[in-house]
Amino acid sequence: MEEISSLMHGFGVALTLFNLGLMFVGIVLGVIIGVLPGLGGANGVAILLPLTFTMPPTSAIIMLSCIYWGALFGGAITSILFNIPGEPWSVATTFDGFPLAQKGRAGAALTAAFTSSFVGALVAVIMITFLSPVIANFALEFGPPEFFAVYLLTFCAFVGMSKGQALKTIASMMVGFGLAAVGIDTVTGQVRLTFGFTSLLQGFDFLIAVIGLFGIGEILLTLEEGLAFKGKSAKLNVKVVLETWRELPRYWLTSLRSSVVGCFMGIVPGGATPASFMSYGVAKRFSKDGERFGTGQVEGVVAPETAAHAAGTSALLPMLTLGVPGSPTAAVLLGGLLIWGLQPGPLLFQEQKEFVWGLIASMYLGNIAGLVVVLTCVPLFAAILRVPFSIIAPIIIVVCAIGAYTVHNNMLDVYMMMVFGAAGYLMRKLNYPLAPLVLALVLGDAAESSFRQAMLISAGDVSVFFSNWLVGGMTGLALLLLFWPTITVLLKRLRGG
Amino acid sequence: MSSKFSKLLRVSALSLGVLALALAGSPARAWEPTKTVEFIVPAGTGGGADQMARFIQAVVQKHNLMKEPLVVINKSGGAGAEGFLDVQGAKGDPHKLIITLSNLFTTPMATGVPFNWKNLTPVSMMALDEFVLWVNADTPYKTVQEYTDAAKKAGPGKFKMGGTGSKQEDQIVTVALEKATGAKFTYVPFKGGGAVATQLVGKHVDSSVNNPIEAVAQWRAGKLRPICVFDDARLPYKDKVTADMAWGDIPTCKEQGVNMSYVMLRGIFMPGGVPAEAVNYYVDLLAKVRATPEWADFMKTGAFNQTALTGEAYRKWVADAEVLHHELMKEAGFLAK
């Protein structure tokens, strides 16, 4: 196996004391960046990028990619503890992670999140190690119709699952689409829905909406229930890690499915955020305990975290082989590659063997280091919940405000966050689900652009979404998932009758 | 003892005098930043302007060219309007720089955002970015003539041109090409240059006008073929990029009988109303950046046109470019009503 020997050589490159030190620094910085909402992996890497120009390229990318892994791990922490997603891809983690923490099982939720992140990343790295030449070309199959089919699949996987309140789900999603449309339209270059306010030109940022809707909204809700001066009980024991590990193998099927979803979305590249939503939707649909998702199921944490990390990791493959970044962070790393004098593209794997395999080896090592770092901190993180709400709430609000400001260095975003906070509170009081709004806001723009690009290419012919096996298969699957509840009802009737 | 002391005194007085003379003798040192300098990028992270800004930041840091830190900040909202409005609003602030691309002209023209470069202070042109007509290497087209003839034969709108953004440089080049040749393309806008190159390799579009750096990897891998470069003269780079071709071997579109050219400004501006000494300081700083070997490598990798202007020449270039963009945008019907 040529790959094995290359990989061993890569470990040789990555396993110097200097590189291991950088790896550790990167992971710790990344976790901090992941925890702070607003300051995403992309910003973190961009800020540190100039520092690395004096390093050898391999060491530089090892450190920067470790920041990225750290941010992927770290995003889950605040999602679970406070219902505030530190990163876009951990929104879906809040659905079950936060209820778990409320039940006093924060430690279990964190352990499950970190472990499944690691599993997802491991599957993705193994795939990159052995299948990269085959898979890299797969991404070339994806034109606008295929991208739209991917987004449609994400929406449909997620939408069919909400129970009862169908109209409220649709209303919430439409508000999300509306907000996503504000700003400059990619396809026509026209300004839309800004009502003449230049400050609205930049549109509504997903992160600010999420910080407000989830973070501030949650705090308002808790305030209403009365200021609790006692913290929640949280086990401060490393044993919780081992206990959760004993439980996790039960969800092997969900892990496997989520890894596949994640790798697919990473390579395409669709991104880690849609991957986490899609995976959560699929898991809910096909799990035995699907009915109880959203009430604090460990499986509901495993699904999105596995997929997000698998997607985040495999997103580096299209960046390296095609020069197409699969995530905002990958885009910054791409810029770094060019400045270090490395040209991402089909030839990188042949011309820069040392760099590529050093990076791949560091993906194994970095994720192991990351897992060790975050798992040993689980009791510490969980202990934060013991701090009384009256102390932690003001801190959260300040951190949220800083996070919102960091996104664009703009004070308006902080006000916007507060408006979203009030909206989040009202929506929850009136029983409107927040998730569809968030999903529509994060994917609405991309879905719309790819739909209209596809229409430009096909001259308005909708059959382009069934024009080959790939796009037809995805569109078909999406429609199947959308109508799944209706189909199961029909099937039951047929059997009954 | 006392004579020694007086000697010491005399020496130090002398050296102080020399120091004072030296200070007075170098007016370029008269102004220096006293706090962190913000370097605004009116585009997202990872794009061409962002890369150049971060590269400048790295060079300044590595060679210790500035005492205070230089911090790159992306303000990409509204096709860059966010960044331009920020700098326009910071009148008189000598601790703010902005790097521009063609959206300096196209964004206010296409959207009607109340912004004009005349409210800024031009500092220095760093380079010009080139545009190259690319096709998939599996297609038979070798010259711009062959390609546009095929497009004309297929019928208006049958051939698809992929590009970055809408009513921005890529679409302007496309419209100018249509005007010069009579071919009609369907322009399909994507979010980034890397995505456009991949779409072309995957044959989802028929051609692109990618900047060299956006398509070079696919060219070297034999997936894309350059047809012609939209500049007045060939690129000066003679080193082989592929097995048998250098950047300089790509003919200009003018050579092939298509009478048009377009280059994109990569220049630095400051807010309006800043002291002349501050402008001189940055002109000097950026000249030092351009003199480094790292910069020469960067120019070569990205196949940039290394024209660099400052002062009145730069201002005139920008003014001419604005007129040109206004004409091109007007003809294409891209001006905000």
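This is a predicted model: local features need pLDDT of at least 70, side-chain atom pairs count only at pLDDT 80 or more; totals for chains, interfaces and linings use all residues.
Two residues are in contact if their C-beta atoms, placed from the backbone, lie within 7 Å.

**Stop 1: the whole of chain B**

Select chain B. Its secondary structure consists of eleven helices and ten strands, and its C-alpha trace spans about 100 × 50 × 30 Å along the principal axes. Chain B has 337 residues, of which 51% count as buried. Consider next its contacts between residues at least 6 apart in sequence: 77% of them join residues at least 24 apart.

**Stop 2: the two domains of chain B**

Colour residues 36-129 together with 264-332 of chain B as domain 1, and residues 132-249 as domain 2. The C-alpha centres of these two domains of chain B are 26 Å apart. Their contact takes 18 residues from domain 1 of chain B and 16 residues from domain 2 of chain B. On the domain 1 side, select α4 (103-111), α10 (293-301) and α11 (311-332) of chain B, the elements that give two or more residues. Which of the elements gives the most to this side of domain 1? It is α11(B), with four residues. By class, this side of domain 1 has seven nonpolar, eight polar and three charged residues.

**Stop 3: the sheet in chain B**

Now display the strands in the order β2-β1-β3-β10-β4 of chain B, which form an open sheet of five strands with mixed pairing. From one strand to the next, the twist averages 25 degrees.

Strands of a sheet pair through backbone hydrogen bonds, either parallel or antiparallel. For an antiparallel example, select strand β3 (residues 96-100) and strand β10 (residues 264-271) of chain B, which pair over three bridges. Within this pair, B:Ile99 stands opposite B:Ile268 of β10(B).

**Stop 4: where chain A meets chain B**

Show both chains. Here 44 residues of chain A are in contact with 47 residues of chain B. On chain A, highlight α3 (41-48), β1 (183-184), α15 (328-339) and α21 (435-458), each of which supplies at least two residues of the side that touches chain B. The largest share of that side, seven residues, comes from α15(A). By class, the side of chain A that touches chain B has 26 nonpolar, 17 polar and one charged residues.

**Stop 5: a helix pair in chain A**

Select helix α6 (residues 106-138) and helix α17 (residues 353-376) of chain A. Their axes come within 10 Å and cross at roughly 175 degrees. Angles over 145 degrees count as roughly antiparallel, and α6(A) and α17(A) are therefore roughly antiparallel to each other. Residues making the contact include A:Phe114, A:Phe118 and A:Val125 of α6(A), and A:Ile360, A:Met363 and A:Tyr364 of α17(A). The residues of this contact divide into twelve nonpolar, three polar and no charged.

**Stop 6: A:Ile360**

Finally, centre the view on A:Ile360, in helix α17 of chain A. Is A:Ile360 buried or exposed? A residue is buried if 20 or more other C-beta atoms lie within 10 Å of its own; A:Ile360 has 24 and is therefore buried. Leaving aside neighbours within four places in sequence, A:Ile360 is in contact with A:Leu7, A:Gly10, A:Val125, A:Ile128 and A:Thr129.

Definitions and conventions
Residues are numbered from 1 along each chain as its sequence is written. Chains are lettered from A and ligands numbered from 1 in the order in which they are written. A residue is buried if 20 or more other C-beta atoms lie within 10 Å of its own, exposed if 12 or fewer, and partly exposed in between; C-beta atoms are placed from the backbone. Ala, Val, Leu, Ile, Met, Phe, Trp, Tyr, Cys and Pro count as nonpolar, Asp, Glu, Lys and Arg as charged, and the others, Gly among them, as polar. Domain bounds come from an automatic or database domain assignment. Axes are lines fitted to C-alpha atoms, for helices over the stretch in contact, and angles run from 0 to 180 degrees between N-to-C directions. Angles under 35 degrees count as roughly parallel, over 145 as roughly antiparallel, 65 to 115 as roughly perpendicular and the rest as oblique. Two strands pair if DSSP finds at least two bridges between them.
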